[in-house]
Amino acid sequence: MRLAVICTTSAALLMVFASDVQASSQKICSPVEPDKWRTIAPVPKEWIAGDCRSLSESVGATSYKLGCIFSEAIGEKYSWSVEVKLVTDEATPLPPPRNCGW
């Protein structure tokens with residue numbers, strides 16, 4: 001666990017906490033076929049939402065969720081975005097409420 005001296009600007013402090021969250025978390029892409037199946041795939045930290053969308057299309061899903069799994073809990077040890085429908089939602093989805101770098 002990283003310790004920080006709190007004598008810097010709030011922006012610098014947020015960068016320290018953000019790097020800690022990303023170091024102790026895993027991005028997840030979850031292709032979904034509602035009421036039929038769902039799968040989850042751990043993905044590289046370099047992935048963006050468009051990569052998850054492409055994976056979901058490639059396996060025949062009609063929607064997907066972006067997710068995060070955390071090794072240290074502040075509340076839940078996981079966080080999910082809202083479900084994004086491939087046909088109707090063209091915009092980049094919002095990241096999960098507790099974000100791990102999406």
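Q: How many residues sit between E1 and E2 in their hairpin, and which turn residue has a positive phi?
A: Three: E1 and E2 form a hairpin with 3 residues between them, and Asp35 in the turn has a positive phi of about 65°. Helices (H or I, at least four residues) and strands (E, at least two) are DSSP runs, numbered from the N terminus.

Q: What kind of model is this, and how are residues numbered?
A: This is a predicted model, where local features need pLDDT of at least 70, side-chain atom pairs count only at pLDDT 80 or more, and totals for chains, interfaces and linings use all residues. Residues are numbered from 1 along each chain as its sequence is written, and side-chain values use heavy atoms, with hydrogens and water left out.

Q: Back to E1 and E2. Parallel or antiparallel?
A: Antiparallel, over 2 bridges, with E2 covering residues 37-38. Two strands pair if DSSP finds at least two bridges between them. Glu33 stands opposite Trp37 in E2.

Q: And how many bridges for E1 and E3?
A: E1 pairs with E3 (residues 41-43) over 3 bridges, in the antiparallel sense. Cys29 has Ala41 in E3 as its bridge partner.

Q: Different topic. How many disulfides in the whole structure?
A: A search finds 2. A disulfide here is a pair of cysteine sulfur atoms within 2.5 Å.

Q: Which cysteine does Cys29 join?
A: Cys52, with S to S at 2.1 Å. The link of Cys29 and Cys52 is right-handed, with 90° about the S-S bond.

Q: What does that pair tie together?
A: Cys29 lies in strand E1 and Cys52 in helix H2 (residues 49-58), so the pair ties together parts that are 23 residues apart in sequence.

Q: Why does Cys29 count as buried?
A: Because its relative accessibility is 0%. Cys52 also counts as buried, because its relative accessibility is 0%.

Q: What about Cys68 and Cys100: how far apart are the sulfur atoms?
A: They are 2.2 Å apart, and the two cysteines form a disulfide. This link of Cys68 and Cys100 is left-handed, with -80° about the S-S bond. The pair links distant parts of the chain, 32 residues apart: Cys68 is in strand E4 (residues 63-74) and Cys100 in the segment after strand E6 (84-85).

Q: Are those two buried or exposed?
A: Both Cys68 and Cys100 are buried.

Q: What is the pairing in sequence order?
A: With the bonded cysteines of the protein numbered in sequence order, the pairing is 1-2, 3-4.

How values were computed:
Buried < 20%, exposed > 50% of the residue type's maximum accessible area, 1.4 Å probe, protein only.
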